[in-house]
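Take a look at the model before reading on.

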Amino acid sequence: MQRFQSKVGVVTGASNGIGLFIAEELAAQGMSLGLFDLNQEELGKVNQMLSERHPEAKFLPIVCDVSNQEQVNASIQEVVDQLGRLDYLVNNAGINGEQKHIAECNDDIFRKVMEIDFYGTYYCLKAALKHMEPGSAIVNIASILGLVASRTQAAYVSAKHAVVGLTQSAALDLCDRNIRVNGVAPGAVLTPMVEKAADYLGQGDREKGLKIIVGRNPMGRAANGNEIAQVVAFLLSDEASYMTGQILRADAGQTISFS
């Protein structure tokens, strides 16, 4: 289905994890993309892969630190200059920092999580809005930890709660421009970030840690990144034209279960 043919979007954190799956899904549906990430080598590989698989679309890899507002402004402008327009934005870049008791948190790491996960989202959203026309759409990747909380993850929980609030506030502000802003709150997804959490929970035994993580949701499994990417594509599409300010939970029922 080429529902995004001739459209242009930006995906942040595009070189791995959920961001890579999102870029692949949107490209498969005809969207040309600005690909933002800090890892230049991996960006190059992603650009080559997408170009080979989807020659009908155009791709622009840009090394961008989303926590740096000047870099974000320049990168968004480069997308518009090179690809001609900007219709969609997916704010996906993020880190989870360290897993420590709140009293033991490293202030610099806490601040870095907030700068990338929250301020990065804000900077990209603000920069993109300068170029978006009515009918455009934005999706912010939050987390179920933007809706509930968890021990030893104060920075990540705080940042993702802030992303949820920003998503809903921006949605209201932009209704009069006919620009929709929604969010996705994934549960456990098989990504390097979840693997890191599994290492911590399993005390070095990743398989044990993964069992703990997936044991928290009723389906008893982690998501494939493509399952999250398809939710993002739906929210960007005209099929979700009457939806804004929504946070869709792609979490296997975890946040509605007391078991």
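Predicted model: local features only at pLDDT ≥ 70, side-chain atom pairs only at ≥ 80, totals over all residues.

Residues are numbered from 1 along each chain as its sequence is written, and side-chain values use heavy atoms, leaving out hydrogens and water.

The chain has eight helices and seven strands, meaning DSSP runs numbered from the N terminus (H or I, at least four residues, for helices; E, at least two, for strands). Its C-alpha atoms fill a box of roughly 50 × 40 × 35 Å along the principal axes. Of the 259 residues, 51% are buried (under 20% relative accessible area, 1.4 Å probe, protein chains only). Among contacts (heavy atoms within 4.5 Å) with a separation of 6 or more, 71% join residues 24 or more positions apart.

Now for the helix pair. Helix 4 (residues 107–129) packs on helix 5 (residues 154–173) at about 15°, with the axes 8 Å apart; axes are lines fitted to C-alpha atoms over the stretch in contact, and angles run from 0 to 180 degrees between N-to-C directions. Helix 4 and helix 5 are therefore roughly parallel (angles under 35 degrees). Who meets whom? On the helix 4 side, the residues include Phe 110, Met 114, Phe 118 and Leu 125, and on the helix 5 side they include Tyr 156, Val 163 and Leu 166. By class, this contact has 14 nonpolar, two polar and two charged residues (Ala, Val, Leu, Ile, Met, Phe, Trp, Tyr, Cys and Pro are nonpolar; Asp, Glu, Lys and Arg charged; the others, Gly among them, polar).

Terms used. Parallel < 35°, antiparallel > 145°, perpendicular 65-115°, else oblique. Buried < 20%, exposed > 50% of the residue type's maximum accessible area, 1.4 Å probe, protein only.
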